[in-house]
Amino acid sequence: MAWKLDLNRYCERHRFPVGVLGGAYILGIAFLDYATGTEVSLTVFYLPAIALFSWYYSRPYGISAAILSTLLWFYGDFLGGRWSAHPAIAYWDGSALLGFFLAFSMTLQNLRLRFKKQQELMITTQRVSAEIQKIADMQSQFVSTVSHELKNPLGVIRESMSLILDKLAGEVSGEQRKILEMGKNSAERLIRLVGDLLDLSKIEAGKMKLRPEDMDLGILVTDVLKIYANEISKKRIVLQKEIPPNIGLLWGDRDALIRVVINLVNNAIKYTPEGGCITIKLTGSAREVRCEIADTGPGIPKESFAKLFNKFERVMVERQEGTGLGLAISKDIIELHKGKIWVESEAGKGSKFVFILPRS
Ligand code: ADP
């Protein structure tokens, strides 16, 4: 392959000597044609030279090579006395051959043009994707820097409000408490958003390194459910668990996967109405572990499935507060583990989020 590419490059770069060689080749074939007489037909041997001029030179060169080859062939064979029967046959054969050579040359030139266009398109695409990647990197770097800078002051604001609410700076009236709690909640929301943005920019920049270990997804899910036990009972949600004790180990990053399960369970609780039901089911095979988290919430219309896992994508924004980043982060984490995550749902009939993780 390498020598072919080099030959191609040589022809592209040294067009003059290659052209001289091509011309000499045509003359050589014409001489052979003449010398061997009518017994031996050398018509096809003109084709490489016509191909050379059609491919590496402009259209007039290809056409000239075709005409020159026909003329030389015509005179070679004519002088060789091939058409002693009737000269009209010579003109007829010459025209047919010229037609064939011209068609051959044109086809090659068209192919060459298409090939060139494709090459240019490829180069442009590569350039554009490199630019896009550069902009994405800059954007990710910007988000990461800003998020970092925001995180600490936001933490200080939240803690200061907590201190005032805890009466460390004196008595707090009912009205003041309400206002301070609103401020504290907003600071907490911002801290969550900044944290999500930081994580996402880390994942997108390929800086998130997994720290995998042998872990039991059943234990992880049970631990997450313990965190949410209070909220589940407050909303009088019925929790159905199908978590077999012998689900087995998988090779994964515990902290990252906790994040995924927390996000899915949190969403299920958030979107399930009071008195609804959440079902969590784990199954395992030799190769993978599957986790399903189903709820009896409002469900998700099918047309939103594809964009649901995109950043900042929210379907029923007015109903619940959120950032629209949780599912995007979950998808990235699952894919970093070479797993898959998807949703099954119908509007009005609840949702089921499913992910599978390979064991190793
Ligand atoms: P957030 O919940 O913070 O808005 P997510 O990325 O976790 O962000 O979810 C994106 C969107 O997916 C949500 O805004 C919501 O519209 C939809 N969604 C997620 N989970 C559920 C669910 N269990 N039931 C209905 N809609 C859901």
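This tour goes from the sheet to the helices packed on it and then to the ligand.

The model is predicted, so local features need pLDDT of at least 70 and side-chain atom pairs count only at pLDDT 80 or more, while totals for chains, interfaces and linings use all residues. Residues are numbered from 1 along each chain as its sequence is written, and side-chain values use heavy atoms, with hydrogens and water left out.

Begin by selecting the open sheet of five strands, whose order is E2-E4-E5-E7-E6 with mixed pairing; strands (E, at least two residues) and helices (H or I, at least four) are DSSP runs numbered from the N terminus, and two strands pair if DSSP finds at least two bridges between them. At the edges stand E2 (238–242) and E6 (340–345), each with a single partner strand, so one side of each has no neighbour in the sheet. Neighbouring strands are turned by 10 degrees against each other on average, direction ignored.

Next, select E5 (residues 288–295) together with E7 (residues 351–358), which pair in the antiparallel sense over seven bridges; here Cys291 stands opposite Phe355 in E7.

Angles run from 0 to 180 degrees between N-to-C directions, and axes are lines fitted to C-alpha atoms, for helices over the stretch in contact; contact means heavy atoms within 4.5 Å. Helix H7 (residues 217–227) lies across E2, E4 (277–284), E5 and E7, running at about 165 degrees to E4.

Move on to helix H11 (residues 326–336), whose axis comes within 10 Å of that of H6 (residues 174–204), the two crossing at roughly 35 degrees. Among the residues meeting there are Asp199 and Ile203 in H6, and Ile329 and Asp332 in H11. H11 also packs with H9 at an angle of about 145 degrees, their axes 9 Å apart, and the residues that meet include Val260 and Asn263 in H9 and Leu327 and Ser330 in H11.

Finally, select the ligand and the 19 residues around it, of which Asn267, Asp295, Arg314, Val315 and Leu327 come nearest; a residue counts as near if one of its heavy atoms lies within 4 Å. A polar side-chain atom of Asn267 lies 2.8 Å from an oxygen atom of the ligand, and one of Asn263 lies 3.5 Å from an oxygen atom of the ligand, whereas a polar side-chain atom of Ser351 lies 3.3 Å from a nitrogen atom of the ligand; a polar contact is a pair of N or O atoms within 3.5 Å. The protein covers 98% of the 530 Å² of accessible area that the ligand has on its own, as computed by the Shrake-Rupley method with a 1.4 Å probe.

Technical notes
Polar contact = N/O pair within 3.5 Å; in protein donor to acceptor, adjacent residues only side chain to side chain.
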